[in-house]
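Biologist: Please take one part of this model and go through it closely, residue by residue where that helps.

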Amino acid sequence: AHASWANADEIPGNDIDDDRNGYIDDIKGYNFVSDSPHLCQNPNQFNHGTAIVSIMAAKPIGSDTDVIGLCPNVKIITAVVMASKNEQDSWTAQGDIEKVVKGIEYVVDNGAKIVNISFGCYVSFEQLAEINKLPLWDKLEEQDVKLVCAAGNDNVNIDEYPVFPASLPRKNIIAVAATDAAGQPGSFYD
């Protein structure tokens with residue numbers, strides 16, 4: 001809760017876009033999947049991004065078992081851009097590039113200098129080249145916004161099998177992959 005960003009220019013619950021950013025009542029962020037300020041539509045969904053930012057922003061609150069994250073004083077701006085395929089499959093998410101772009105633009109327009117993107121999908125080299133032409137990527141480089149992107153947990157060379165957005169040829173992208181306790185490439189397991 002301490003890390004949750006709040007939009008001070010928006011009045012909660014009045015169904016008006018007080019800050020005129022195009023999103024009504026976006027007090028704690030915005031859900032681009034449901035096009036609403038309701039961030040959690042499915043309480044059974046595995047919220048991987050939420051888990052990751054919770055680790056980054058962990059802050060001791062007085063217990064002997066408290067942990068501290070890498071950025072305990074950070075503020076997290078939430079942009080939901082992926083959703084579970086269905087109620088039964090809470091691990092597999094789906095989305096589209098338009099929602100991803102809108103979500104990234106939203107957090108950057110609200111002051112984010114680092115964007116955590118805890119998802120990725122395999123794309124062809126042709127698709128990656130087309131996505132790379134979007135003006136957003138140039139804007140982010142010009143503004144020196146860093147993108148920390150998941151390279152996946154499949155132990156795959158993403159230079160040979162591109163993953164969006166980690167494989168975008170941009171100087172401001174940090175691609176992150178999993179390793180096991182021995183430092184070997186991690187891989188997804190069920």
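Modeller: Ala112 touches Ile77, Val107 and Val145, leaving out residues up to four places away in sequence; contact here means heavy atoms within 4.5 Å. The model is predicted, so local features need pLDDT of at least 70 and side-chain atom pairs pLDDT 80 or more, while totals for chains, interfaces and linings use all residues. Residues are numbered from 1 along each chain as its sequence is written, and side-chain values use heavy atoms, without hydrogens and water.

Ala112 sits in the loop between helix 2 and strand 5 (DSSP runs numbered from the N terminus: H or I of at least four residues for helices, E of at least two for strands). Ala112 is buried, at 13% relative accessible area (buried is under 20%, with a 1.4 Å probe and protein chains only). Its C-alpha is 9.1 Å from that of Lys146, 34 residues away in sequence.

Beyond four places in sequence, Ile104 contacts Val115, Ile117, Leu136, Trp137 and Leu140.

Helix 2 and helix 4 pack at about 25°, axes 11 Å apart (lines fitted to C-alpha atoms over the stretch in contact, with angles from 0 to 180 degrees between N-to-C directions). That makes the two helices roughly parallel, the term for angles under 35 degrees. Helix 2 contributes Val101, Ile104, Glu105, Val108 and Asp109 to the contact, and helix 4 contributes Leu136, Trp137, Lys139 and Leu140.

Definitions and conventions
Parallel < 35°, antiparallel > 145°, perpendicular 65-115°, else oblique. Buried < 20%, exposed > 50% of the residue type's maximum accessible area, 1.4 Å probe, protein only.
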